[in-house]
Amino acid sequence: MMATLSREQKNKIHPYKFILLIAIGSIVMMFAGFTSAYVVKSNQSNWLQFSMPPVFWYSTIVMLISSLTIYLAEKAFKAREMARYRVLITITAILGLVFMLLQWFGFSYLEEHGVQIIGSGSNPAASFIGVITGVHMLHVLGGVVALLIMFFKAFSSRRKSYSGVPIDMMNIYWHFVDGLWIYLFIFFLYVSS
Amino acid sequence: MSNEAILHGQTTGHAHDADHGALDGHHHHHESFITKYIFSQDHKMIAKQFLITGMVWAILGGLMSVLFRLQLGYPDQSFPILESLLGKWAKGGIIQADAYYALVTMHGTVLVFFVLTAGLSGTFANFLIPLQIGARDMASPFMNMLSYWFFFAAGIVMLSSLFVETGPFSGGWTAYPPLSALGSASPGSKTGMDLWIISMALFVVSSLLGGLNYIATILNMRTKGMSMTRLPLTIWALFFTAVLGVLSFPVLLSGFILLIFDRNFGTSFYLSDIFINGVGALPNEGGSAILYQHLFWFLGHPEVYIIILPAMGIASEVMSINARKPIFGYMAMLGSLFAIAILSFLVWAHHMFVSGLNPFLGSFFVLLTLLIAVPSAIKVFNWLTTLWRGNIRFTPAMLYAIGFVSMFISGGLTGIFLGNSALDIHLHDTYFIVAHFHIVMGVAGMFGMFAGIYHWYPKMYGRYLNNTLAYIHFWITMVGAYLIFWPMHYQGLAGMPRRYYDYSVWESFKQFTDLNRFITTVAMIVFATQLLFLFNFFYSIFKGRKVKSQNPWGANTLEWTTPINPGHGNWEGEIPEVHRWPYDYGKDGHDFIAQTVPVGASESKH
C-alpha cells in the first residue's frame, strides 16, 4: 500500500510547488497588464522621453548575483552543509535588500534630473516606471521575508527539517523575480527609447 | 501520500504515521467550536461559509435593487418609511439622486463579485472539487481558509462604506475614472471609493488564493483511476473558472494599482484635461481613461464567464442525473468549455465599441465575440439532447437546471445583437443591455446556484429542503425573472438609457411609466420569494427531513460514496478507486453505475 502510493507520488510535483508555479503565472499576467498598458500609453500623445537611471544596471547585476547565491544555497542544503546554506541564504536576503535600495536610488536619480514620478506635474511615462518597478520591489520584498523565515528555521535547534521543498520553491521564486526584473529592464530600455 | 500528509499536517496536532492514516481514515478530531465552524480548514465548512456569506450579500444586494426600483416605478411617490430607514439619503421619503447612484453601483458590485463569483464558485469549487475528484481536502487547506477570510474582510470593508458620511461609491460598478479617480468629482468618490478599492483589492487576493488552490487540487490530487476525462463536468467547469480567475484578476489589480496612484499620489495614468465645477482645472495631463477600460474589461469579460461556467457545469451534472441519461457529447461539452475560456480573453473591447475605440479594431472584436456563439450553441444543443427522451425527474434542482438553459438561450441570443459594433451604437448603455446581462449572467448564474444548492443540500447538511416551498420558489422566480427583464428589451430598443435617476421628466420615456411600475411590482414579489427560499434553507438545516440513503439521487459521482455526514477527510478508510466516467446512466439495463464500479467483461462501450 505504502509502496504504491509513494511511487505514484514520486512522479508528481508537490502540490505546494505547483501552487507556486500557477501563482507565478498569475504574477506574469499582472506585469503583462502593466507593460501592455505602458505600450498602449506610449503610443499616445504627451509621452515624456528620458533615459533610464544608470544605477539600474548595478541593481541588475546585484539581482543576477543573488540568483547565483540562492542556487548555491540549494546545492548546499542538498549536500547537508547547513553552515554554508545559512550563510548563502543570508547573503541572498541582503542582496535582495541591496537591490531594493539601488532601485530607490534610481528613483531619486530620476527626480534629481527633473523627471517627476508622482505628484502634480508628473508624466505617465515616469509614473509607469515608478509603479511597475515599485510593484516588482514588493515582490522582491516578499521573497526577502520568505528568506528570513527560512533563515530562522535553519537556526532553530528544536526542529530539524530535511524537506527540500521550501528551498526548492524559494529558488524557483527568486529566479522568477530575477527574470522578471531583467524582462522589465530590457522592456524599459527598448520601448521607452 | 500528500493527500493524507496535508490533512493531518495541519488539522491535527498528534503525530500520524502514514500507513496508519491510509488504513484507518476514521479520525476523531477534537475540534472546538472555533476550529470547526469559524477558522475551519475543512473544505466543506469553508464552502458553507462562502455560501451563507454569499446569501447575506445576495439579500443586501437584492434589497438595494428593490429600493432603486421603487424610485424608478414611483418617481413622485413619497415613502416615509424610507426616510426613517435611510435618513438623509431619502429626504422626504424620496430616494435622493446620490443615493440612487450609490444603490445602483453597490447592487452591481455586490451581485457580480460577492454573490455570483465568491458565492457561486467559492461555494461549489470548495464543496465539490475534493468530493468529486476523490481527495481528502484541498491542496492547501490553510490557503483555502485564508481565501474565505480575505473575502469576509472584503465584505466588511464594503459594508462599512455604506455607513460613511459621504456614502458608498456611486460611479457605477465598473468604477471608470475620472469619477473613481477624483475625490472631488462626486460625494461617493471620496471615502466611499477608498473603501471600495480596498475591498476589491482584498477580494482579488481572496479569488487568487482560492483559484490557485482549485487548480492545484484538480491537477494533483485526483484519486486513483480518476483521469482528466473521467472528471464530472462540474469539475471541468470549475477548473476553467479558476484558470480564468487566476489569469484575469491580476490584470484588474494592476488597473486598480494605477487608479490608486491617480487618486492618492497625483499621477496622470487615466486623467487628462479635467475641469471640475467648484474646483477648477486640474493639473493632470497625458492620461487616458480608455486605458482603465482596457485593463478593467480584460478582467471584466472573463469575469462574466467566471460567473456562468460553474452554473453550466452544475446544470450539466444535475441534468444528466435527473434525466437518467448520460450527458450528450461529453467531449464536445469539454471542448466548448475550453473554447469559451480561450475566447473570453479575446473579446473585452466589445464593451468599449462606443468609447472612441478604433472602428477597424472593433471589427476584429465583433468577429471574435460572435464566435462565442458557436461553443455556446454546442452547449445548448447538448443540454437539449440530454433531455431528449430522458426519463426526467422534475426535482427542484432539475427545474432550476432547465430554467438555467432557458435563461441562457434567451439572454444569449440578445448577445448576438450586442456583439455587433454597428447595432451597439444604438443599444449601448440602454435597458437592452441591462436585460441582456441580467438574464444571461445574473438570473442564469443564480439559477445554476439554486440548482446546485437544491441538489447538494442533502450532502451539505444531511437533510432535505422542503420540496413544496422549493417548487413555489422556482415557479415564481422563473416567471418573475422573465416578467422583470423581458420588457426591458423594449425599453432599450426605444433608446431608454440605463442608470438614469428619473425617466418621467423625459418626453420620450414617459410612455414607460406604467411598465416601470409593473417591473418594480414584480421585482418586489420575486424578492419576497427569495426570503421563502432563505427560510427553507435555514429551517431545513435544523428541522429538514433527514437523509436516510447514502445516494439519494442515484448519482454516479464520488461524493455520494462518502458517509451521509462526512467528517473532515471525507471518506472513512481508503479513498475509493475510479473505474469509469461519471455518466453511466441507463446503461445495459442498469439505472446507474457508480464511478467506483469496475468495468464488467460483458459491458458495452459508451
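Biologist: Of the residues of chain A, what share counts as buried?
Modeller: This is a predicted model, so the values are computed from predicted coordinates. Chain A has 193 residues. The share of them that counts as buried is 32%.

Biologist: How many helices and how many strands does chain A have?
Modeller: Read along the sequence, the pattern of chain A is α-α-α-α-α-α. The C-alpha atoms of chain A fill a box of roughly 65 × 35 × 25 Å along the principal axes. Of the contacts in chain A with a separation of 6 or more, 77% come from residues 24 or more positions apart. The count for chain A is six helices and zero strands.

Biologist: Which element of chain A has the lowest mean pLDDT?
Modeller: For chain A the mean pLDDT is 88, and 91% of the residues reach 70 or more. Residues 1–8 of chain A have pLDDT below 50, and this stretch has seven contacts in the model beyond near neighbours in sequence. Where pLDDT is low, the predicted coordinates should not be read in detail. Helix H3 (residues 55–78) of chain A has the highest mean, 95, and the lowest, 44, belongs to H1(A).

Biologist: Which helix supplies the largest share of the side of chain A that touches chain B?
Modeller: In all, 36 residues of chain A are in contact with 39 residues of chain B. On the side of chain A, helix H1 (2–11), helix H2 (15–42) and helix H5 (124–155) each supply at least two residues. By class, that side has 20 nonpolar, 14 polar and two charged residues. The largest share, 16 residues, comes from H2(A).

Biologist: Which helix gives the largest share of the side of domain 1 of chain B that touches domain 2 of chain B?
Modeller: The assignment for chain B gives domain 1 (1–12 + 46–224 + 235–268) and domain 2 (547–606). Ten residues of domain 1 of chain B are in contact with eleven residues of domain 2 of chain B. Helix H1 (2–11) and helix H6 (97–133) of chain B each supply at least two residues of the domain 1 side. The largest share of that side, four residues, comes from H6(B).

Biologist: How far apart are the centres of domain 1 of chain B and domain 2 of chain B?
Modeller: The two centres are taken over C-alpha atoms. The separation between them is 36 Å.

Biologist: How far apart are the end C-alpha atoms of helix H17 of chain B?
Modeller: Helix H17 covers residues 467–493 of chain B, 27 residues. At 1.5 Å a residue, H17(B) should span 39 Å. The model agrees, because the end C-alpha atoms are apart by 39 Å.

Biologist: What covers the buried residues of H17(B)?
Modeller: The buried residues of H17(B) include B:Ala470, B:His473, B:Phe474 and B:Thr477. An α-helix has 3.6 residues a turn, so residues three or four places apart point the same way. Among the elements that cover the buried residues are helices of chain B: H14 (396–418), H15 (421–427), H16 (431–461) and H18 (513–543).

Biologist: Where is the cis peptide bond that ends at B:Pro178?
Modeller: Most residues other than glycine have a negative phi, and most peptide bonds are trans. B:Pro178 lies in the loop between helix H7 (141–161) and helix H8 (191–220) of chain B. With omega near 5°, the cis bond runs from B:Pro177 to B:Pro178.

Biologist: Is B:Ala175 buried or exposed?
Modeller: B:Ala175 is found in the loop between H7 and H8 of chain B. Its phi is positive, about 50°, although B:Ala175 is not a glycine. Because B:Ala175 has 23 C-beta neighbours inside 10 Å, it counts as buried.

Biologist: Is B:Arg389 buried or exposed?
Modeller: B:Arg389 is found in the loop between helix H13 (373–387) and H14 of chain B. Phi of B:Arg389 is positive, near 55°. With 9 other C-beta atoms within 10 Å, B:Arg389 is exposed.

Conventions:
Residues are numbered from 1 along each chain as its sequence is written. Chains are lettered from A and ligands numbered from 1 in the order in which they are written. This is a predicted model: local features need pLDDT of at least 70, side-chain atom pairs count only at pLDDT 80 or more; totals for chains, interfaces and linings use all residues. Two residues are in contact if their C-beta atoms, placed from the backbone, lie within 7 Å. Ala, Val, Leu, Ile, Met, Phe, Trp, Tyr, Cys and Pro count as nonpolar, Asp, Glu, Lys and Arg as charged, and the others, Gly among them, as polar. A residue is buried if 20 or more other C-beta atoms lie within 10 Å of its own, exposed if 12 or fewer, and partly exposed in between; C-beta atoms are placed from the backbone. Domain bounds come from an automatic or database domain assignment. The expected span of a helix is 1.5 Å times one less than its number of residues. pLDDT is the predictor's confidence in each residue, from 0 to 100.
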